[in-house]
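Subject: Handover of a structural model

Dear colleague,

I am passing on the model below, together with notes on what I found in it. Please read the notes with the structure open beside them.

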Amino acid sequence: MTTSRAGRTSDTGPTSGTSHTGPTGGTSHTGRTFEDLVAEAVAASVDGWDFSWFEGRATEERPPWGYARAMGERLAGASAALDIQTGGGEVLASAPKLPPLTVATEGWPPNVAKATALLHPRGAVVVASPEDAPLPFADAAFDLVTSRHPVRTYWDEIARVLRPGGTYFSQQVPASAYELVEYFLGPQPEENRTARDPERARTAAQKAGLTVTDLRPARLRMEFHDIGAVVHFLRKVIWMVPDFTVEAYEPRLRSLHGKIEREGPFVAHSSRFLIEARKPQA
């Protein structure tokens, strides 16, 4: 998978928040036509990893650990850091202080350009690197490696580029919006839900020679308040319904639009886990 937007569904999004509204309350776009809502969503840019478009239209409960803040704390104490699959660089750029050597990788060309524009003024270097290729860095190059929502974690490569005593810090997505995926694609194999189980990640990290020092799961509620939010989400997070187009799925979209208008927000859930692993001292 060399051209995806890196498998990250965002700490912040669709938009952050822990309060939820019932079928008759909250932010509603009732009264706008299906055509208007869909046209607005199709016209919106999906570049980068900014979820602000969803404000007032969709919410996702925040994980309790505050990844961006915790990552910033670790970056402040590092001397050489690598952020893998950085997306548009938004999370890395939010850190108050970056190490003297800060590098980010990204595989999707539009995000490479966006991350470069955002991170170069902070002194960080962005390297265009496919997500499924070996990391283009020497052994023991970094004392901190981070990644929010990687498509896949290549534990052997992470262990290789970490210095002895170095740390890998990541927030990962075992499953996201499966109710929405199955609405469009039908029941999915159970393996799709469990392939990125936190305990499997622990085992893989240990097999690569790392010691897991923290592992925390969370299940989070998502709400889509109008069909435009659904369309924009599926256009932006392209691996959810890989062949998604409005034309191909128009009957299902119209049906879902009616359901939201009658019953209120479409509710789905996402899973996250926080994992931190350390490379033992030589």
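Predicted model: local features only at pLDDT ≥ 70, side-chain atom pairs only at ≥ 80, totals over all residues.

Residues are numbered from 1 along each chain as its sequence is written, and side-chain values use heavy atoms, with hydrogens and water left out.

The chain has 10 helices and 8 strands, where helices (H or I, at least four residues) and strands (E, at least two) are DSSP runs numbered from the N terminus. Of its 282 residues, 52% are buried; here buried means under 20% relative accessible area, exposed means over 50%, and partly exposed lies in between, with a 1.4 Å probe and protein chains only. Taking contact to mean heavy atoms within 4.5 Å, residues 24 or more positions apart account for 74% of the contacts in the chain that have a separation of 6 or more.

In soluble globular proteins, nonpolar side chains tend to be buried together. A nonpolar core is, for these notes, a set of buried Ala, Val, Leu, Ile, Met, Phe, Trp, Tyr and Cys residues joined through side-chain atoms within 4.5 Å. The largest such core has 32 residues, and L180, F184, F233 and L253 are those with the most contacts inside it. At least two residues of this core come from each of α1 (34-43), α6 (178-185), β7 (211-224), α9 (227-236), α10 (250-263) and β8 (266-278), and α9 gives the most, with 6 residues. A second, separate core has 24 residues, including L82, L135, W155 and Y168.

Helix α6 deserves a look in this context. Its buried residues include Y178, L180, V181, Y183 and F184. Once neighbours within four places in sequence are left aside, F184 is in contact with V230, L234, V241, Y249, R252, L253 and L256. The helix is followed by G186, whose phi is positive, near 85 degrees.

Pockets and cavities were found on a 1 Å grid over the protein atoms alone: a cavity is a set of points where a 1.4 Å probe fits but cannot get out, a pocket is an open set with protein on both sides within 12 Å along at least five of seven lines, and lining residues have an atom within 4 Å of a point. Grid points are joined across faces, edges and corners, and a volume is the space filled by probe spheres set on the points. The second largest pocket has a volume of about 330 Å³, and of the 16 residues that line this pocket, R152, T153, Y154, W155 and A204 are the closest to its centre. Both α5 (155-161) and α8 (198-207) supply at least two residues of that lining, with α8 giving the most, 4 residues. By class, the lining of the second largest pocket divides into 8 nonpolar, 2 polar and 6 charged residues, where Ala, Val, Leu, Ile, Met, Phe, Trp, Tyr, Cys and Pro count as nonpolar, Asp, Glu, Lys and Arg as charged, and the others, Gly among them, as polar.

The largest cavity has a volume of about 150 Å³ and is lined by 16 residues, of which I84, Q85, E131, L135 and Y154 lie nearest its centre. Its lining has 8 nonpolar, 5 polar and 3 charged residues.

Some single residues remain. D214, in strand β7, is buried, with a relative accessible area of 19%. The side chain of D214 makes a polar contact with the side chain of R216 (2.8 Å); a polar contact is a pair of N or O atoms within 3.5 Å, and within protein one must be able to donate a hydrogen and the other to accept it, with residues adjacent in sequence counting only if both atoms are side-chain atoms.

Most residues other than glycine have a negative phi. H149, in the loop between β5 (142-148) and α5, has a positive phi near 65 degrees and is buried, at 0% relative accessibility. A177, in the loop between β6 (162-172) and α6, has a positive phi near 55 degrees and is buried, with a relative accessible area of 0%.

With best wishes
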